[in-house]
Amino acid sequence: MKKSILFAKLESLDRRLKKPSREVKEEIARCAAGFEGERKLLYYLSEINGPVRILHDIRLPFPNGFAHFQIDTIVITRSLLIVIDAKHFTGHLIFDRNTRQLIRGQKMFEDPITQVHRHKRGLEHWLDKPVPIIPLVALTHSNVRMEMIPPDSPDQSIIMYVQEIPAKVDELHHQKTPILTEKEVHLLANKFQSYHRPYDPDVTTLFQIRPDQLKHGIQCPQCKMWSVKRVKRKWICSECRAVLKDPHLPALKDYVRLFGVRAVNRQIREFTGIESASTVKKLLRKWAVDKAGETKGRVYILPEEWKWE
């Protein structure tokens, strides 16, 4: 299970900011909680038997093509599909069906029940044959207690503690008549994956970060200082004197996450603090997956997967 592009980009942004941003750190905390909840959900879903495909963090367009919906987890069986929204909240949660709100203490959050029904409607447009879609909300934290208002709301059946999910999936699966063949289960999963468009925002714009607010250079993985230099074909930290192997690679990944996969030699020199154009040229030749243009002003295309690796 890999982190989302947003999560990875925020970590790079936080690491590079000269002055810490409360908004960035709060968003990182939300991403970390979501990641832990989804990791725990996938752990329990691994108990499910039979021909099944489990997809994580799938983002698909609505029919109009202008908006997208993002599903934490889709379980595809021969009998039905289950869309699951994982919530890694602690404490006493109140699901108020009158106001369509999730309440914890004095804070109110977007209603996950409404959200998972929206995901269900979006997914229906992607099916070539009518397959039942069951929406569920999984509470993944061990220290959580749930209350529903009113207590007899039919939405009670949608909310589950994560450890209950495998038995519920098996129960739902055996209640339904198989509609898909095993091959069609895999074809449908592959279809979702092929149309998946991950959320890939420009985080510097999102948080209104100027270039002069970012640290340049290469960080030492041992002492954490931004003091790594290329000296006589070796990468050396001028603070702790550590001799390092490929410490420039995290810096190149930071560049991709903050500014995109396209780069020219000058931009990488400015961002990493490497003074030698020939050194940067060798690094770009080594790591680039493609290039465009002539020698002067040549644009190098760095790996797309660096956005989340």
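Colleague: Hi! How is the protein chain divided?
Modeller: The chain splits into domain 1 (5-195) and domain 2 (215-307), with bounds from an automatic or database domain assignment. Residues are numbered from 1 along each chain as its sequence is written. As the model is predicted, local features need pLDDT of at least 70 and side-chain atom pairs count only at pLDDT 80 or more, while totals for chains, interfaces and linings use all residues.

Colleague: How far apart are the C-alpha centres of the two domains?
Modeller: They lie 37 Å apart. The contact (heavy atoms within 4.5 Å) takes nine residues from domain 1 and 11 residues from domain 2.

Colleague: And what area is buried between them?
Modeller: About 1000 Å², with carbon and sulfur atoms giving 52%. Buried area is the accessible area (1.4 Å probe) that two parts lose on being put together, summed over both.

Colleague: Which residues in domain 1 lose the most area to domain 2?
Modeller: Those are K9, R15 and R16, together 64% of what that side buries.

Colleague: How many salt bridges are there between domain 1 and domain 2?
Modeller: Two, counting a side-chain nitrogen of Lys or Arg within 4 Å of a carboxyl oxygen of Asp or Glu. The side chains of R15 and D254 form a salt bridge at 2.6 Å, N to O.

Colleague: New topic: where does UniProt place the NERD domain?
Modeller: The unreviewed UniProt entry puts that feature at residues 33-146, though annotations may be inferred rather than shown by experiment.

Key. Heavy atoms only, no water.
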